[in-house]
Amino acid sequence: MLWAVATILFLMFRLMPTNPLAAYIDPTFTEEQQQLLMAKFGLDRPLWEQYFIYLKNLLQGELGDSFFYRQPVGERVMELLPNTLVLTFSSLIIAYVFGIIVGAWLAWKRDSVAERAAIPLVLTTRAMPEFWLGMLLLAVFSFTLGWFPAGGTRSPGSEYDGYLALYTSRDFLAHLVLPAMTLAIYSQGLPLLLMRSNMLEVMNEDFVTMARIKGLSNWTVVVRHAARNALLPVMTSFAIAVGYQIQGNVVVETVFSWPGLGRELVNAVSASDYPLAQGAFLMIAVVVVLMNLLADLLYSLLDPRISHA
Amino acid sequence: MHSDSASAEPIRGGSVLRWIRRIHLPLDDPFAIAGLLIYAVFILVAVFADQLATHDPLEILFTQDYQLAADLRPGEDGFVLGTTSLGRDIYSQLVYGSRSALLIGITAAFMVAVIGTVVGLLAGYFRGWTDIVLMRAADIAFGIPFLPFVIVLAAFLEPSIWNVVFAMALILWRDTGRVIRSQVLTLRTRAYIDAARVSGSSDLKIVFRHIAPNILPLSFLYGSIAIGWAILTEAAISFLGFGDPETISWGYMLQDAYASQALSTGGYYWFVPPGICIVLVVVAGFFISRGYEEILFPKLKE
C-alpha cells in the first residue's frame, strides 16, 4: 500500500517536465557543471535504477537532503510532525466531544425547532472553505479584537527547551486557540451527524424499549443505554478523521503560519525543494494509510459482530 | 394501428425522457428546492456575467479625479462592494468568479460521477480479476492524500483551473466507485437480471441497459457532492498560490485579499463575499444530495 503511494510519488516527481535541480542550478552554470551536479544526485542514471535506489533509501528511512535547509529531510519532517499532530489532535478532540454531545442531544430532541435548524447549520459549517473560516476568525479575534496572536506557535524571542515545555506554555496555547477552533468548527459536523443518525437507529432497538419498560429515567436510557452503543462507529470514524484532517491542515497551517508538515509542503513545492516536498508528502501519506488501517482494526475490535458477518 | 405507432415511434425521445425521470430531481424536500434555486441563481449569474459586471475584473481602475481607485469602501465612487488594494472592482470579480466555480464544479462532478460509475459497474458486474484490479486501485487512491496531491500536480503543470478537475478525476472516483460497486453486487443477483441473461442479452447490454439506470440516482448523489468538493479544492489551491492568476475565481480573490493584508486592515467587504458565495454553492450541493438520500434511502425519513 505505502509502496504503491511511494511509487506514484516517485513517478510524479521524476516524470514532471520541470528539472528537479532547478532550485540548485544557477543560470551561469556551464553545461559541464550541470552534468556534474546531475551525476552527484544520481539523476544521470536510468530511471529504473533511480527507482530502486529510491526504494532502498526509503526502507532505510533515508529521505535525502533538503535543497533549501541543507539538512536531512527526515530530520526536518520529524521536527515539524509534532506541531501538526498537536494541532490535529487538539482540534479533533474538541470537535468530537462537542459533536458527540450535541449529536446525541439532537437525536433526543427529534423534530424540535432546534433540531430542524441545527442540521442545515451543521451542513453550512461543512461547506465553508477551512482557510476562509480561519481568515474570518483571524480578522475578528486577532486583528479587530486583539485577543489572540495572529500566527506561529510562539511569540518572537521566546525560547523553550523541548516540545513539552513549549506545548504546555501559556504562549503556545494562546497561539493554538484560533487554528484549533478553525479546524474544530469544520470537523465537528462528521461526529455530530454520525452520532445523531446512530442514536436514532439505536433508540428504535429492543433493548432501549426494554430499558424504558423497566421504568428507567429518560436520562439513564439515553445516556447509559443508547449513547454507549451509538458511540462505537463514531469512535472508529475518529481514526479516519485524523487521516483526513492531516491533509486539510495544509491550508489552515498556511493561514496561521503554523510550522507544520502541511505548510512545509506548500513552501517546499513553491521553492522547488523536491526532496523536502517528497518527504513531507510521504509523511502525510503514511499518517493517512496508518489511520485507515487503524479504523479497520478498531472497527472489528470494538464491534465483534463485524468479524462474524 | 394508432397504438402501434405510438409505441414504436418515440423510442428515442421516450428513452431520453425516461433517463431524465430516472435522475429523480428531489422536488418534495424544501432544502433540496432551496439548493436547486441557489444553483439556478448562480448559473444565471455565470451566464449573464458580461451584462451583470460593471467593470473588467482585472482592470486597474481610477477615480474621477485620476487617483488610483484602491482600497475603496463599498459604495464609494459607485463601486458596489469597494475595490481591491490594486484598484480592481470586487463586485465584478465576484460575478466572474461564478463562471470558473460552475465550470470547475460541473466538469469535475461529471468526471467523478462518470469514472466512478463505470468503475463500479465493471467491478461489481464482472467480479473476478476486473474487480480485484479496480478495487486495489481504489485502495491506493484512498491512500493518497488528496489536497497535497493536487498541490504537487498544480505546481508541476501549467497553472490552470483544469488541474483541479484533472486531479479529482484521478483520485476522487474512489468513493463513488466503491459505493456503486456494492450496489451493483446486490442488483446483479435480482431475478430480472437472470431473466435478461437467459433471454440472451450480452453482458454489456445487461450492464448498461438493466443495471446502469438503477444506479443513476446514486451517481447523481455523488456528483452533486463532488461539485462542492471541486469548488472547495479550487479555492484552496488558488489560495495557496497554485492557481491560474489569469482566471478570476473566488479562491483567487481570497488569496489576493489575504496576501494584501486585508485581514489586518479590516477589509471585510473584500474577503467575506467570495467566502459566502463558496458556502452557498457548496451547501446547495449538500442540500440537493440530502434530497437524493431521502429518495434513495427512505428509512432516513422515518
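Q: Leaving aside neighbours within four places in sequence, which residues is B:Ile151 in contact with?
A: This is a predicted model, to start with. In chain A, B:Ile151 is in contact with A:Val250, A:Leu265, A:Val266 and A:Val269. In chain B, the partners are B:Ile237, B:Leu240 and B:Phe242.

Q: And the largest nonpolar core, which residues have the most contacts inside it?
A: B:Ile151, B:Ala226 and B:Ala230. That core has 158 residues.

Q: Which element gives the most to this core?
A: Helix 11 of chain B, residues 203-239. Its share is 19 residues.

Q: Back to B:Ile151. Which residues of helix 12 of chain A and helix 7 of chain B meet?
A: From helix 12 of chain A, A:Leu265, A:Val266 and A:Val269. From helix 7 of chain B, B:Pro148, B:Ile151, B:Val152 and B:Ala155. By class, that contact has 7 nonpolar residues, no polar and no charged.

Q: At what angle do helix 12 of chain A and helix 7 of chain B pack?
A: About 10°, with the axes 10 Å apart. Helix 7 of chain B covers residues 146-156. The angle makes helix 12 of chain A roughly parallel to helix 7 of chain B.

Q: Why is helix 12 of chain A described as largely enclosed by the rest of the structure?
A: Because 8 of its 10 residues are buried.

Q: Which ones are buried in helix 12 of chain A?
A: A:Leu261, A:Gly262, A:Arg263, A:Glu264, A:Leu265, A:Val266, A:Ala268 and A:Val269.

Q: How do the axes of helix 4 and helix 12 of chain A cross?
A: At roughly 130°, coming within 8 Å. That makes helix 4 of chain A oblique to helix 12 of chain A.

Q: Which residues of those two helices meet?
A: A:Val77, A:Leu80, A:Leu81 and A:Thr84 come from helix 4 of chain A. They meet A:Leu261, A:Gly262 and A:Glu264 in helix 12 of chain A. The classes in this contact are 4 nonpolar, 2 polar and 1 charged.

Q: What about helix 4 and helix 11 of chain A, at what angle do they pack?
A: About 145°, with axes 9 Å apart. Helix 4 of chain A is residues 73-108. The crossing with helix 11 of chain A is right-handed.

Q: Which residues make the contact between helix 4 and helix 11 of chain A?
A: Helix 4 of chain A brings A:Thr84, A:Leu87, A:Thr88, A:Leu92, A:Tyr96, A:Ile100, A:Ala104 and A:Trp108. Among those from helix 11 of chain A are A:Val222, A:Leu231, A:Phe238, A:Gln245 and A:Asn249. The contact divides into 14 nonpolar, 4 polar and no charged residues.

Q: Where does A:Ser257 lie?
A: In the loop between helix 11 and helix 12 of chain A. A:Ser257 has a positive phi of about 45°, although it is not a glycine. A:Ser257 is partly exposed, with 14 other C-beta atoms within 10 Å.

Q: New topic, the interface. How many residues of chain A are in contact with chain B?
A: 36, and they are in contact with 34 residues of chain B.

Q: Which elements give two or more residues to the side of chain A that touches chain B?
A: Helix 1 (2-15), helix 5 (113-127), helix 6 (130-144), helix 11 (218-255), helix 12 (261-270) and helix 13 (274-302) of chain A. By class, that side of chain A has 28 nonpolar, 8 polar and no charged residues.

Q: What share of chain A contacts with a separation of 6 or more is between residues 24 or more positions apart?
A: 73%. For chain B, the figure is 73%.

Q: Last one. Is B:Phe48 buried or exposed?
A: B:Phe48 is exposed, with 11 other C-beta atoms within 10 Å. The cut-off for exposed is 12 or fewer. B:Phe48 is in the loop between helix 3 (30-47) and helix 4 (49-52) of chain B.

Q: How far apart are B:Phe48 and B:Leu134?
A: 42 Å in space, C-alpha to C-alpha, and 86 residues in sequence.

Definitions and conventions. Residues are numbered from 1 along each chain as its sequence is written. Chains are lettered from A and ligands numbered from 1 in the order in which they are written. This is a predicted model: local features need pLDDT of at least 70, side-chain atom pairs count only at pLDDT 80 or more; totals for chains, interfaces and linings use all residues. Two residues are in contact if their C-beta atoms, placed from the backbone, lie within 7 Å. Helices (H or I, at least four residues) and strands (E, at least two) are DSSP runs, numbered from the N terminus. Ala, Val, Leu, Ile, Met, Phe, Trp, Tyr, Cys and Pro count as nonpolar, Asp, Glu, Lys and Arg as charged, and the others, Gly among them, as polar. A residue is buried if 20 or more other C-beta atoms lie within 10 Å of its own, exposed if 12 or fewer, and partly exposed in between; C-beta atoms are placed from the backbone. Axes are lines fitted to C-alpha atoms, for helices over the stretch in contact, and angles run from 0 to 180 degrees between N-to-C directions. A crossing is left-handed if the near helix is turned anticlockwise from the far one by less than a right angle, and right-handed if clockwise. A nonpolar core is a set of buried Ala, Val, Leu, Ile, Met, Phe, Trp, Tyr and Cys residues joined through C-beta atoms within 7 Å. Angles under 35 degrees count as roughly parallel, over 145 as roughly antiparallel, 65 to 115 as roughly perpendicular and the rest as oblique.
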